[in-house]
Amino acid sequence: MLLNDYRPVYVIGIGLHRYQAATETSYVQLGVTAVREALADAGMEWSSVEAAYTGTTRLGMAVSRPMLRHLGATGIPMTQVENASASSSSAFRLACRDVAAGFSDVVLAAGVDKAGKVNRGEQLTGIAPHDGGLVVPSVHYALLAEEYMRASNVGEEVIARVAVKNHLNGSKNPYAHRQRERSLDEVLGDRPIAGSLKRLECCPIGEGASAVLVVSDAAIDRLGLDRSRAVQVLSSTQRSEELYGAKSFDVELTKTTTEQSLAEAGIRAEQLDVVELHDAFAIEELQYTEAMGLCGPGQASRELANGEFAIGGRVAISPSGGLLAMGHPIGPTGVGQIAEITRQLRGEAGPRQQPNSTYGLAHLVGLGAVCVVHVLAAAGR
Amino acid sequence: MESKTPASETLPIRAVRCLRCTYVASPVQHFGCEQCGAYGDDLEEFVLSGDGTVLEIVNVYRHPDSSLTVPAVIGSIELIEGPVIRVRLTSPDLQPGSRVFAVDEAPDAALGLVFAPALQKAS
């Protein structure tokens, strides 16, 4: 069964706490800031919310209630969701399924995280890796960058242009971790991390919070919400890694998950106006753009250089600044993407508005193991 | 297949072959075959040759684990038996397509495997 076999689902409220470097601010303050902003955006009271899902990765057990009780202890079901980078993407998916299936009419999907130690299940399996722990995500993507540059016969400046574009977008986003425009020379001349990847081609991981309110038609009518600002969720798709031989598992997983999500939404890749994707490392944007069918194989670098993926281009990719500039606090990132897509599809994105946006797609991979894709549509499309 | 290198903490490289579907996995694990789910006696350990070809190679300049020494060189290696593994390399001058082989240079097993250029093996 697909999401759109059930009741229509809408995003009616969005809120964020700015993504930022580590501070002494409690995660409770980060979280309630985002949720209160989402409630205000929707024009709704906390008492109307019937269930909550919270995506987080580094705060430990039972995060939801210590945070959400400060909005009023209403006794609603609260569930914590962890799926690495895609944690709150999965929280949003669960919220959508709750509403679509009729279990609830109003559900909160939130994400919150602080900088801290990460425990990865893969490191606790008892299977010692051959690399001795040297392959962390930056090294993994540096290896993929080498593969891409060789296969596409392009240089490292091509990958650096992704960082230039996304830092420009982030400079227009008051919620972004990095809000400074960067030149190609600045990116290429920055501190090397692994292979050709420089610091500015790697996402900042800090803290922040995000929240969206998911509702049914019945809730919109009953609570008197503004239907013209309700963005419909057309599909919700989640897959996990299979065996791909020597091929990049992130790319293959992205390809299959996106194909499925677009098919479920009933639209084609070329109809997308805005895309927020997992650009934790600059090379990923080029790979995923091609894997999603937004351009032909090996064409992403040329289309990027031609401005096709900039705000105002054929399809705006990461208009928020993406993980590279808006940042990647991990727990909040997935719902933060939904907030940006919603803002774009409402036409409320101000200086970073992609004109005439009707369809948007949000994509995250979680440590390669999972991929979550959502397709959303503007009201009255 | 017999090991070509002396016994050590890291060598010979071992793998498991699934007797149901022939899938080969390395490092060794007996939890179950990732391709078909077979387990127990259906997973057979064997020794890999330690010979392979470089697919990609990069220098690592910074690492979040301060106990690991950088710069370091790491590569994706396609072993002749099929598995693709990521291991340390002794030389940053290797290129995609270079032949390499496993050497007993890791000070302890926790640092993983080390591969060197195949020419070094011939000498």
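Two strands count as paired if DSSP finds at least two bridges between them. I started with that rule because I wanted to sort out the sheets, and I kept in mind that this is a predicted model.

I looked up strand β1 of chain B, residues 14–18, and found an antiparallel pairing with β3(B) over five bridges. That clears the cut-off of at least two bridges.

**Entry: chain B as a whole**

I counted one helix and eight strands in chain B. Chain B has 123 residues, and 45% of them count as buried. I also checked the contacts between residues at least 6 apart in sequence: 47% of these join residues at least 24 apart. The accessible surface came out at about 6400 Å², with 50% belonging to carbon and sulfur atoms.

**Entry: where B meets A**

The area buried between them is about 2400 Å², and carbon and sulfur atoms give 68% of that. On the chain B side, I noted Glu56(B), Arg62(B) and Arg86(B), which supply 28% of the area that chain B buries against chain A, more than any other three residues.

**Entry: the sheet in chain A**

Next I traced an open sheet of 10 strands in chain A, with mixed pairing and the order β3-β2-β4-β7-β1-β8-β12-β11-β9-β10. The edge strands are β3 (78–81) and β10 (316–317) of chain A; each has a single partner strand, so one side of each is left without a neighbour in the sheet. I then zoomed in on β9 (residues 274–276) and β11 (residues 359–366) of chain A, which run parallel and are joined by three bridges. There, Val275(A) has Leu361(A) in β11(A) as its bridge partner.

**Entry: the cores**

Val275(A) and Leu361(A) turned up again in the largest nonpolar core, which has 67 residues. Together with Val139(A), Tyr141(A), Leu272(A) and Leu286(A), they touch the most other members. Helix α4(A) gives the most to this core, with eight residues. A second, separate core has 34 residues, among them Val11(A), Val212(A), Val274(A) and Leu376(A).

**Entry: helix α4 of chain A**

I checked the length first. At 1.5 Å a residue, the 16 residues of α4 (137–152) of chain A should span 22 Å, and the end C-alpha atoms are 22 Å apart, so the two agree. The buried residues in α4(A) include Val139(A), His140(A), Tyr141(A), Leu144(A) and Tyr148(A). Leaving out residues up to four places away in sequence, Tyr141(A) touches a set that includes Leu197(A), Asp250(A), His278(A), Phe281(A) and Val365(A).

Glu147(A) and Ser248(A) are 101 residues apart in sequence, yet 9.6 Å apart in space, C-alpha to C-alpha. Last, I noted that Asn153(A) follows α4(A) with a positive phi, near 55°.

Methods: Residues are numbered from 1 along each chain as its sequence is written. Chains are lettered from A and ligands numbered from 1 in the order in which they are written. This is a predicted model: local features need pLDDT of at least 70, side-chain atom pairs count only at pLDDT 80 or more; totals for chains, interfaces and linings use all residues. Side-chain values use heavy atoms; hydrogens and water are left out. Helices (H or I, at least four residues) and strands (E, at least two) are DSSP runs, numbered from the N terminus. The expected span of a helix is 1.5 Å times one less than its number of residues. Buried means under 20% relative accessible area, exposed over 50%, partly exposed in between (1.4 Å probe, protein chains only). Contact means heavy atoms within 4.5 Å. Accessible areas come from the Shrake-Rupley method with a 1.4 Å probe; for residues, only the protein chains shown count as cover. A nonpolar core is a set of buried Ala, Val, Leu, Ile, Met, Phe, Trp, Tyr and Cys residues joined through side-chain atoms within 4.5 Å. Buried area is the accessible area (1.4 Å probe) that two parts lose on being put together, summed over both.
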